[in-house]
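Subject: Structure handover

Hello,

Here is the structure I promised to pass on. Please open it next to this email and follow along.

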Amino acid sequence: MNAPAKNEEFAAKIPDGVYAETVISVEHYTDRLFRFRMTRPAGFRFRSGEFAMIGLMVGEKPVYRAYSIASPAWDEELEFFSIKVPDGPLTSHLQAIKPGDTVLMRKKPTGTLVLDALTPGKRLYMFSTGTGIAPFASLIRDPETYEKFEEVILTHTCRDVAELKYGFDLVEEIKNHEFLSELVGDKLKHYATVTREDYPFTGRITDLIENGKMFADLGVSAFDPEIDRGMICGSSAMLKDTKELLEKAGLNEGANNKPAEFVIERAFVG
C-alpha cells in the first residue's frame, strides 16, 4: 500500500515545466568519465550539436548543469557523456545513477555547435578536449553532416589514453551501424592525441596545428577559408588558442544568426 504514496511524494518533488526521464544504461570509462542513456520525451526536438540543461533532485531542490546531447537528432534515446567531479554540485550525484533512476531535463535545447551556424564548405574540423567530444558524438552520427561536407575530421585530445575510448567506441559504432556505415564510408577521420602518456600521437592539438604535424598526419593541406570549417568544444585555453589559429588562417567566427567559417561552444568548459 505504501508504493503509490511514495510515487506521489516523488512526483510532487519534480519541478513544473521539466521532463523527468528514466536512465536506460550507464557505462563508466574511467574514474573520471562515464556515459549514460535515458528515455527521450515524445515531444522533445533538438538539432544535433545542441545542449540541454539536465539535473537531479538533490534533497528538496533540483540541481542543473549544461550538457551537450551526445546522441544524434534521429535517435530514440538521449545520450550524455560526463566527467566525474567528486565534490561537483551535480556530477557528485550524477556519477552514481543506475538504470531505472530519474534524470530531469529542461525543455529547451540550445547551442552554437550546429551545422546551420556554418557557411557551406568541403571539410569540417571538430576540435575537442575531454568531454568536449560530446556534441560531436551527436554530429558524427547525423546524416546531414555528411550531406553538407565531403570530409569530417574529429580531433580529440585527452590527458590519458584510457580517456580516448569513448571516441573510439563512437567510430566503431558508426562502422557497424546498418545505415550510417554506408553513408559515412571513409568521410570520417578520427585524430586522437594524448598529453601525458606515450602514444603514437602526442601533444596538444593547438601545438600540432601550429607545427603542421596534424596536417601531415592526416594528409591534408593547411587551413583554407574557402573549403575548411571548424567547430570547437573543450577547455577554455583550448577554445581561445584554437580560435586564434583559425582566425590567423582567415576563418571567421559564426553564430546561429550569422553563419561563418567556425563556431565555438562557450556555455561550458570540460
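Predicted model: local features only at pLDDT ≥ 70, side-chain atom pairs only at ≥ 80, totals over all residues.

**The antiparallel sheet**

Start with the sheet of six strands. It is open, its order is β4-β3-β6-β1-β2-β5, and the pairing is antiparallel. Which strands stand at the edges? They are β4 and β5. Each has a single partner strand, so one side of each has no neighbour in the sheet. From one strand to the next, the twist averages 40 degrees.

Now look inside this sheet. Strand β6 covers residues 102-106, and two bridges join it to β3 in the antiparallel sense. Find I54: its bridge partner in β6 is M105.

Next, pick out Y64. It belongs to strand β4, residues 61-68. Is Y64 buried or exposed? Its relative accessibility is 11%, so it counts as buried. Leaving out residues up to four places away in sequence, Y64 touches P15, V18, M53, I54, G55, L90, L104 and R106. For a sense of scale, take Y64 and D198. Their C-alpha atoms are separated by 37 Å, and the two residues are 134 apart along the chain.

**The parallel sheet**

Move on to the open sheet of five strands. Its order is β9-β8-β7-β10-β11, and here the pairing is parallel. The edge strands are β9 (188-194) and β11 (262-264), and each of them pairs on one side only. Neighbouring strands are turned by 10 degrees against each other on average, with direction ignored.

- β7 (residues 123-129) and β8 (residues 151-158) run parallel and are joined by seven bridges. F127 has T155 in β8 as its bridge partner.
- β8 and β9 also pair in the parallel sense, over seven bridges. Here V152 stands opposite L188 in β9.

Which helix packs on the sheet and touches β7, β10 and β11? It is α9, residues 236-248. The direction of α9 makes about 165 degrees with that of β10 (228-233).

Strand β9 is at an edge, yet it is mostly covered. Five of its seven residues are buried.

**The core**

In soluble globular proteins, nonpolar side chains tend to be buried together. In this model, the largest nonpolar core has 31 residues. Which members touch the most other members? They are M126, F136, I140, Y166, L188 and M231. Several elements each supply at least two residues of this core: β7, α3 (134-139), β8, α5, α6 (180-184) and β10.

Follow L188 for a moment. Not counting residues up to four places away in sequence, it touches I140, Y146, V152, L154, V171 and I174. V152 is also the residue opposite L188 across the strand pair.

**The aromatic rings**

How many aromatic pairs does the structure hold? The count is 14. Two of them show contrasting geometry.

Take Y19 and F44 first. This pair is edge-to-face, at 5.9 Å centre to centre, with 85 degrees between the planes. Y19 is in strand β1 (residues 18-28), while F44 is in the loop between β2 (33-39) and β3 (51-58). The two are 25 residues apart, and the pair links distant parts of the chain.

Now take F81 and Y166. This pair is stacked, at 3.9 Å centre to centre, with 15 degrees between the planes. F81 lies in strand β5 (residues 77-83) and Y166 in helix α5 (residues 165-175), so the pair ties together parts that are 85 residues apart in sequence. F81 counts as buried at 4% relative accessibility. Y166 is buried too, with a relative accessible area of 0%.

Rings can also gather in groups. F34, F36, Y67 and F80 are linked into a cluster by ring pairs.

Finally, go back to Y19. K107 lies over the face of its ring, 5.1 Å from the ring centre.

Best wishes

Technical notes. Residues numbered from 1 in each chain as written. Heavy atoms only, no water. Phe/Tyr/Trp six-rings, centres within 6.5 Å; stacked < 30°, edge-to-face > 60°. Helix = DSSP H or I, 4+ residues; strand = E, 2+ residues; numbered from the N terminus. Buried < 20%, exposed > 50% of the residue type's maximum accessible area, 1.4 Å probe, protein only. Lys NZ or Arg CZ within 6 Å of the ring centre and 35° of its normal. Pairing = 2+ DSSP bridges. Axes fitted to C-alpha atoms, helices over the stretch in contact; angles between N-to-C directions. Contact = heavy atoms within 4.5 Å. Core = buried A, V, L, I, M, F, W, Y, C linked by side-chain atoms within 4.5 Å.
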